[in-house]
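Please open the model in your viewer and keep the sequence beside it. The stops below say what to select next and what is there.

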Amino acid sequence: MKVVLFCGGYGMRMRSGAADDVPKPMAMVGPRPLIWHVMRYYAHYGHTEFILCLGYGAHHIKDFFLNYEETTSNDFVLRGGRTELLSTDISDWTITFVQTGVESPIGERLRRVRQHLDGDEMFLANYADVLTDAPLPQMVENFARRDAGASMMVVPPQSSFHCVELGEDGLVGGITAVSELPLWENGGYFVLRQEVFDHIPEGGDLVADGCAQLAKQGRLVAHQHRGFWKPTDTVKERAALDAAYTRGDRPWAVWERDASGKAGGKEAAGVRA
């Protein structure tokens, strides 16, 4: 299936300075940007047709792929001054670059690339800034057999704060960690049918409009995931993922799984470590 990636937002909380115009999906984790890790995840499961919804800082994303260096993340032999790759990352990928506006909401970005979906009944979508080890084939299969317009991966609340129950007299009746509450957050991994376009108005949002309307009709499916899931909304979160990558702790790298089934270990990483 085709994969639509929303990668045109400002990413203000990821800025390192006033002159920093790099979009959030281009923030580095190891030797590659976030968007590369997300795309490798989908490619691992056979989904190699990507549609990039560009906006702010689009030239950074274009330049990265137009000048892609395979030797950064692949083994190779240098023979007689020529490079012979032992493996490649993107040789079988098809990437469509579409400028969808600097100020466009997510839903509008999706509307502007609809023509590039070629009328496919089902397709995938992602914010391009969240890493996970979620079982994508299971997510797709579960949705395919359901009569629904969209599927949204949901995860437990990530906040480290606590909720406080107050009585009328101001006394605390209980304290509960947010992560222990029976709540779920949008995980940013979607499986969609063309039906979703019927519920996204011009200038609309994918979740607040499209998914919300489908939910009211009982046509939105949730895929619960309690495994690895990490957002990169802030510099701190990006730095934590980068540090994890460096020490070989990268469960999102499902393409590096070794024979024992473990992902992201140094033994499976080769030159990526």
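This is a predicted model: local features need pLDDT of at least 70, side-chain atom pairs count only at pLDDT 80 or more; totals for chains, interfaces and linings use all residues.

**Stop 1**

Select Ala 128, which you will find in the loop between strand 8 and strand 9 (130-132). Its phi is near 65°, a positive value in a residue other than glycine, and it has 0% relative accessibility, so Ala 128 counts as buried. As background, most residues other than glycine have a negative phi.

Now move to Asp 118, which sits in the loop between helix 3 (106-112) and strand 8 (122-126). Asp 118 also has a positive phi, of about 55°, although it is not a glycine. Is Asp 118 buried or exposed? Because its relative accessibility is 56%, and exposed means over 50%, Asp 118 counts as exposed.

**Stop 2: helix 1 and the residue after it**

Select residues 34-44, which form helix 1; 10 of its 11 residues are buried, so the helix is largely enclosed by the rest of the structure. Among the buried residues are Trp 36, His 37, Arg 40, Tyr 41 and Tyr 42. Just after helix 1, select Gly 46, which takes a positive phi of about 90°.

**Stop 3: from Arg 40 to Asp 89**

The side chains of Asp 89 and Arg 40 are joined by a polar contact of 2.8 Å, and another polar contact, of 2.4 Å, joins the side chain of Asp 89 to that of Ser 73. Asp 89 has a relative accessibility of 4%, so it counts as buried.

**Stop 4: strand 4 and its partners**

Select residues 49-54, which make up strand 4; five of its six residues are buried, so this strand is largely enclosed by the rest of the structure. Strand 4 pairs with strand 1 (residues 2-7) in the parallel sense, over six bridges, and in that pairing Lys 2 stands opposite Glu 49 of strand 4. Strand 4 is also joined to strand 7 by six bridges, and these two strands run parallel.

**Stop 5: the largest pocket**

Which residues lie nearest the centre of the largest pocket? Select Lys 24, Ile 106, Tyr 127, Asp 129 and Asp 233, which hold that place among the 24 residues of the lining. The space in this pocket is about 440 Å³. At least two residues of the lining come from each of strand 1, helix 3, strand 13 (185-193) and strand 15 (229-231), and strand 13 gives the most, with three residues. By kind, the lining divides into 11 nonpolar, eight polar and five charged residues.

**Stop 6: the second largest pocket**

Finish by selecting Gln 158, Lys 230, Pro 231, Glu 237 and Ala 240, which lie nearest the centre of the second largest pocket, whose lining has 15 residues. Strand 15 and helix 6 (235-246) are the elements that give two or more residues to this lining, and the largest share, five residues, comes from helix 6. The volume of the second largest pocket is about 360 Å³, and its lining divides into seven nonpolar, two polar and six charged residues.

How values were computed
Residues are numbered from 1 along each chain as its sequence is written. Side-chain values use heavy atoms; hydrogens and water are left out. Buried means under 20% relative accessible area, exposed over 50%, partly exposed in between (1.4 Å probe, protein chains only). A polar contact is a pair of N or O atoms within 3.5 Å; within protein, one must be able to donate a hydrogen and the other to accept it, and residues adjacent in sequence count only if both atoms are side-chain atoms. Helices (H or I, at least four residues) and strands (E, at least two) are DSSP runs, numbered from the N terminus. Two strands pair if DSSP finds at least two bridges between them. On a 1 Å grid over the protein atoms alone, a cavity is a set of points where a 1.4 Å probe fits but cannot get out, and a pocket is an open set with protein on both sides within 12 Å along at least five of seven lines; lining residues have an atom within 4 Å of a point. Grid points are joined across faces, edges and corners, and a volume is the space filled by probe spheres set on the points. Ala, Val, Leu, Ile, Met, Phe, Trp, Tyr, Cys and Pro count as nonpolar, Asp, Glu, Lys and Arg as charged, and the others, Gly among them, as polar.
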